[in-house]
Amino acid sequence: MTIPAPQIPAWRNTLATSLAALPAGGLAILQPAQGPRAARRLARALLEEAAVLGGGQVLGLPGGDLLLTAAPGPAQRAARAIADLTGLPPDSFPLPEAEQPLLARAEAAALATPTPAWTLAALEAHVARMPLEGAARLTLFASGTGSHPVAQRLGPAPLGLDDPELEALAREALCRRLLAALTDPGMRGQLPPLRPGLRLILDLPQGGLPGGALRAGPPGDPDGPLALLPLAALATPAAFAQSTAALRAAGWAIGLLANDAAAPAELELPEITWVIPAAAAPPRHPPARLIALGRPVPAWCRAPGILHEGVA
Amino acid sequence: MNALTLPPSPLAGPDPATTPRDAMALAALARDCVNSGVERRVLHVRLSLIPNRLREPRHDRLVREALEPLLRPTRARLYELPGGDLVALSPPPGDHLEEARRGLARLLPEIPAETLLPVMRLPAEAARLLTVVEAALGLDDPGEEPPAPAPSGLPPPGAAEMDAATRALATANLAAFLRRQTIWRLAPGDARPQPLWTELRPCLPDLAAALLPGRDVSAAPWLARRFRVAAERRMLAELARPQEARALGDACLPLSLASLLETEFLRLEALLGPAGRGRVLLGVPAADQLADPAGFALLRRLAAARGWALALDEAEPELLRLFRPEALQGLQLRLRFTPSLLAGDGTARTRLDAALPAGREGVVLTGADSPAAIAWGWQRGIIRFMGRVLDGR
């Protein structure tokens, strides 16, 4: 039996070679594996283009970070384009001066763990197996300048998947499980207990409530319990009109869930409550009814009529 | 306008691409007569009524001869309608119209002249003439909506089967499954349509039948979407080779948002360079924009920075209405023509027209399979079309 000799990871050798090959005055750009997957891929493509134009190369670090070494012109242009497109500027290291900080940074970044890729079958099994206690999440919301809870959202726990399509699929499946548990007295105990007296915000699958509608209250109250549908439900206007009419008749107000705080600026939906991530700046056309998701809660969310997660 | 020439074979049927132009010109002229009070005599030659047994080459010649009195521009103007009818207009008293009418009536004694060869007066009977034109264009009747694809009755593929199919797609040769169709520019005054782009897309039903036999991938929207993305990524991988990319030229690529944010597309986009990117129109389904507005915003910034033309695709008119005008700015639009666009009362039509972006030159009307589509588009200032009515020429 032979004991393998400790190996220097391949990326260290490659980095040493590419640094040695780069003429003085070159630039290293370190693109951390941050932001959504699409933005990361876009950054990689721009770095690779700069490598071709700037006589350098792109090195993938084990944790998913990318390192470009190239002539300064193309490298700088790529860094600027990445900052403009994704809003997340990468780090620049002028060479050879900044070689030591660069190596330290690469070394630290290399420890990050890559995110696993899901197959459909694996995701389906995972979502079906998740215990309800972990699959459901109850979030409390305060209103305006207040910090005591006035509303509660019962929805699926986000899986934090890289792929928006798979995340949407998981959401659909979990919503259906939640709904089934909510209407089954035997299973209801597995869900986080709802607080009495707080307005209910309930995540629903894209098609709304299947079959017999779950009664929420008297119809026509815009501040009644809120049925939360994904924005994608709008893509089939006829089906959307049908499912929302049924929900309204059963006493639900309608909310739409978008992954971009700019979405309310694109669509005009006067009777809809928008549910969006709490971005640094308010949306361009602030909707009449708005629920901001996530913490920290930016100052603009603490305004009358806006629900946010800033619960003390 | 077809004032001087007669189709080489009047009974062989009309040219589907040019007859809407004649029909629209005729409708405009009828309205002009009403506005200005100018009088015209009209002869409607209903060649479409001639039964098949009489449609022989020798009749072609006889009909041409009978129409001869009209074929001088000083005497009359001749318009060819979709469906094959001819309309001749002349200032009063319209002796030449009468002469042609008598000749034609002698040729076809089986059909009463009042039916085969109605005569109208403008401006008094402008409404009647406009009805004739609208009927010829198919604008009066929404007609049959193409039947929705019947549910196949096949079960949807399971997750493991989908995984296997997408894996197989990643290395499949798609050459036999790619479909090309031209997008044309045809304005009301144009003699012939000009090609703008060649649309390139994988034929998903054929691919699904080959890779998932006995399964219905369209049974659930998300399955269909996933399959589509896998097929598009494979197509893009094939296009993202230096030789293929150079040959791409003026192309329209209708792609899912997910495919546009994948490595294969980004490789192609780098390979094409600024000049190549400027010749390509990308189309993104409106549903994808709604499902991932953040991803779409990223793509829009990329398109603006790198010189792509970007179109919103497959948007139902009802959805279009919900977008704020500024949200569609800088975007082109691919709108699918369906006979249902002709249905509805004036209010419904006004609502739809208001939903279309102000810059109509950026709209492509797809599914233009009938002259009615061209006429409907022209009425709204749309001059870009894709469909069988233009391809079949």
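Biologist: How many residues of domain 1 of chain B are in contact with domain 2 of chain B?

Modeller: Five residues of domain 1 of chain B are in contact with ten residues of domain 2 of chain B. Contact means heavy atoms within 4.5 Å. This is a predicted model, where local features need pLDDT of at least 70, side-chain atom pairs count only at pLDDT 80 or more, and totals for chains, interfaces and linings use all residues. Residues are numbered from 1 along each chain as its sequence is written, chains are lettered from A and ligands numbered from 1 in the order in which they are written, and side-chain values use heavy atoms, with hydrogens and water left out.

Biologist: Where are those two domains of chain B?

Modeller: In chain B, domain 1 covers 19-137 and domain 2 covers 159-391. Such bounds come from an automatic or database domain assignment. The C-alpha centres of these two domains of chain B lie 41 Å apart.

Biologist: What area is buried between domain 1 and domain 2 of chain B?

Modeller: About 650 Å², with 71% of that given by carbon and sulfur atoms. Buried area is the accessible area (1.4 Å probe) that two parts lose on being put together, summed over both. On the domain 1 side of chain B, B:Arg21, B:Met24 and B:Leu137 supply 72% of the area buried against domain 2, more than any other three residues.

Biologist: How many salt bridges are there across that interface of domain 1 and domain 2 of chain B?

Modeller: Zero between domain 1 and domain 2 of chain B. A salt bridge is a side-chain nitrogen of Lys or Arg within 4 Å of a carboxyl oxygen of Asp or Glu. There are two residue pairs in polar contact between these domains of chain B, both residues at pLDDT 80 or more. A polar contact is a pair of N or O atoms within 3.5 Å; within protein, one must be able to donate a hydrogen and the other to accept it, and residues adjacent in sequence count only if both atoms are side-chain atoms.

Biologist: Which element gives the largest share of the domain 1 side in chain B?

Modeller: Helix 1 (residues 19-36) of chain B, with three residues. Helices (H or I, at least four residues) and strands (E, at least two) are DSSP runs, numbered from the N terminus.

Biologist: Switching topic. How many residues of chain A are in contact with chain B?

Modeller: 38 residues of chain A are in contact with 35 residues of chain B. The two chains bury about 3200 Å² between them, and carbon and sulfur atoms give 60% of that. In chain A, A:Leu85, A:Leu120 and A:Glu266 lose the most area to chain B, together 19% of what that side buries.

Biologist: How many salt bridges are there between chain A and chain B?

Modeller: Six between chain A and chain B. One salt bridge joins the side chains of A:Glu266 and B:Arg300 (4.0 Å, N to O). Helix 2 of chain A gives the largest share of the chain A side, eight residues.

Biologist: And how many salt bridges over all chains?

Modeller: A search of the whole structure finds 32. One is between the side chains of A:Asp91 and A:Arg105 (2.6 Å, N to O). A:Asp91 is in strand 4 (residues 91-94) of chain A and A:Arg105 is in helix 4 (residues 99-109) of chain A, 14 residues apart.

Biologist: Which peptide bond in chain A is cis?

Modeller: The one from A:Leu95 to A:Pro96 is cis, with omega near 5 degrees. A:Pro96 sits in the loop between strand 4 and helix 4 of chain A. In chain B, the bond from B:Pro92 to B:Pro93 is cis, with omega near 10 degrees. B:Pro93 lies in the loop between strand 3 (86-90) and helix 3 (95-107) of chain B.

Biologist: Last thing. Where is confidence lowest in chain B?

Modeller: In helix 2 (residues 57-67) of chain B, at a mean of 77. Strand 7 (residues 251-254) of chain B is highest, at 98. The mean pLDDT of chain B is 86, and 92% of its residues reach 70 or more. pLDDT is the predictor's confidence in each residue, from 0 to 100.
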